[in-house]
Amino acid sequence: LYSRGLECLDSILVFFQHYWTELFKAPARAQVAARDCLESNKKTFLVLHGVLGGLPLILFIIRGLFQGNWLFYVCVILEACNFWTVKNVTGPKLVRLYWLLYEPPALRDKRRGTKGGKR
């Protein structure tokens with residue numbers, strides 16, 4: 001049982017080590033995206049993104065000052081609005097992140113009934 005736990009822990013550490021190294025490749029891409037956003041006319045979307053992301057967090061932190069559970073429900077609704085806004089408005093406008101336009105090649109080939117793009 002002890003060795004099985006160590007094997008599990010070792011596999012988890014290898015998993016996180018892989019993604020940790022991938023994480024250090026991301027800042028270069030993020031800096032380019034941030035520079036593009038700040039140098040363009042997208043400042044309105046940046047403010048919208050910050051307000052809709054920060055407002056539920058602030059309300060959740062100060063909810064202890066109020067009576068009842070109503071503020072929790074408001075936070076959940078605001079987070080849902082934040083998710084929708086990031087997915088459909090600020091994501092495409094700021095970093096050209098489109099959810100519905102990308103289809104992995106393997107899935108596309110499977111849907112078309114082809115292999116490797118050939119019919």
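## Overall layout

Helices (H or I, at least four residues) and strands (E, at least two) are DSSP runs, numbered from the N terminus. By that rule, the elements of the protein chain run α-α-α-α-α from the N terminus on. That is five helices and zero strands.

This is a predicted model: local features need pLDDT of at least 70, side-chain atom pairs count only at pLDDT 80 or more, and totals for chains, interfaces and linings use all residues. Residues are numbered from 1 along each chain as its sequence is written, and side-chain values use heavy atoms, with hydrogens and water left out.

## Surface and contacts

The protein chain has 119 residues, and 13% of them are buried (under 20% relative accessible area, with a 1.4 Å probe and protein chains only).

Contact means heavy atoms within 4.5 Å. Among contacts in the protein chain with a separation of 6 or more, 47% join residues 24 or more positions apart.

## Helix α4

Helix α4 covers residues 70-95 and bends by about 50° at Val 86. The bend is the angle between axes fitted to the seven residues ending there and the seven starting there.

Which residues of α4 are buried? They are Leu 71, Cys 75, Leu 78, Asn 82, Thr 85, Thr 90, Gly 91, Pro 92 and Leu 94.

## How α3 meets α4

Helix α3 spans residues 43-61. It packs with α4 at an angle of about 160°, their axes 9 Å apart. Axes are lines fitted to C-alpha atoms, for helices over the stretch in contact, and angles run from 0 to 180 degrees between N-to-C directions.

The two helices α3 and α4 are therefore roughly antiparallel (angles over 145 degrees).

Technical notes. Buried < 20%, exposed > 50% of the residue type's maximum accessible area, 1.4 Å probe, protein only. Parallel < 35°, antiparallel > 145°, perpendicular 65-115°, else oblique.
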